[in-house]
Amino acid sequence: DKTALGGLFPLLKDADAEVRAQAAKVLGDARLENALTPLLALLKDDSARVRAFAAMALGKIGDAKCIPAVCEMLAANNDADPFLRHAGVMALAGVNQPKQLAGLAGHGSAAVRLAAVVA
């Protein structure tokens, strides 16, 4: 029952990074479309683990609106953390928008271009 998952939204702002990460994971696994906005905000979280789980959750939701924010996260990571790169790839692949991914071929960040090709 997806309505029961509404209690997870406050946990996306919990002081504990692992709580935020796991809440993002569960919301993504449930593919809750109304989780899009709070998950996008988590792409800028202080914790790399939270950012990664949020990106993968966004990929499971599959809304193309997340592409610019995922690209921003990938560019900021600049391939420094392979887990974040993987999460960004999974987000882009989950959105499944080949034309938009092809459009990233001219992106200014090599990290974004690489993630788009892999996705």
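Student: Which residues does Arg20 touch, not counting residues up to four places away in sequence?
Tutor: Arg20 touches Leu11, Leu12, Lys13, Asp14, Ala15, Leu42, Asp45, Ser47 and Val50. Contact here means heavy atoms within 4.5 Å. This is a predicted model, where local features need pLDDT of at least 70, side-chain atom pairs count only at pLDDT 80 or more, and totals for chains, interfaces and linings use all residues. Residues are numbered from 1 along each chain as its sequence is written, and side-chain values use heavy atoms, with hydrogens and water left out.

Student: Where is Arg20 found?
Tutor: In helix 1. Helices are DSSP runs of H or I with at least four residues, numbered from the N terminus.

Student: Is Arg20 buried or exposed?
Tutor: Buried, at 11% relative accessibility. Buried means under 20% relative accessible area, exposed means over 50%, and partly exposed is in between, using a 1.4 Å probe and protein chains only.

Student: What does the side chain of Arg20 make a polar contact with?
Tutor: With the side chain of Asp45, at 2.9 Å. A polar contact is a pair of N or O atoms within 3.5 Å. Within protein, one atom must be able to donate a hydrogen and the other to accept it, and residues adjacent in sequence count only if both atoms are side-chain atoms.

Student: And where is the place of Asp45?
Tutor: Asp45 sits in the loop between helix 2 (36-42) and helix 3 (48-61). Asp45 is buried as well, with a relative accessible area of 13%. A polar atom of its side chain lies 2.8 Å from the backbone nitrogen of Ser47.

Student: New topic. At what angle do helix 1 and helix 3 pack?
Tutor: About 5°, with their axes 8 Å apart. Helix 1 covers residues 17-29. Axes are lines fitted to C-alpha atoms, for helices over the stretch in contact, and angles run from 0 to 180 degrees between N-to-C directions. That makes helix 1 roughly parallel to helix 3. Angles under 35 degrees count as roughly parallel, over 145 as roughly antiparallel, 65 to 115 as roughly perpendicular, and the rest as oblique.

Student: How do the residues of that contact divide: how many nonpolar, polar and charged?
Tutor: Seven nonpolar, two polar and six charged. Ala, Val, Leu, Ile, Met, Phe, Trp, Tyr, Cys and Pro count as nonpolar. Asp, Glu, Lys and Arg count as charged, and the others, Gly among them, as polar.

Student: What about helix 4 and helix 7, at what angle do they pack?
Tutor: About 125°, with axes 7 Å apart. Helix 4 is residues 67-77 and helix 7 is residues 110-118. That makes helix 4 oblique to helix 7.

Student: Which residues make the contact?
Tutor: Cys71, Leu74 and Ala75 from helix 4, with Ala111, Val112 and Ala115 from helix 7. The contact has six nonpolar residues, no polar and no charged.

Student: Back to helix 2. Is Leu39 buried or exposed?
Tutor: Buried, with a relative accessible area of 0%. Leu39 is in helix 2. Not counting residues up to four places away in sequence, Leu39 touches Leu12, Ala24, Ala54, Ala57, Leu58 and Ile61.

Student: Last one. What is the phi of Arg31?
Tutor: Positive, about 55°, although Arg31 is not a glycine. Arg31 is in the loop between helix 1 and helix 2, and is partly exposed at 47%. Asn78 has a positive phi too, about 50°, and is not a glycine. Asn78 lies in the loop between helix 4 and helix 5 (82-95), and counts as exposed at 53% relative accessibility.

Technical notes
Helix = DSSP H or I, 4+ residues; strand = E, 2+ residues; numbered from the N terminus.
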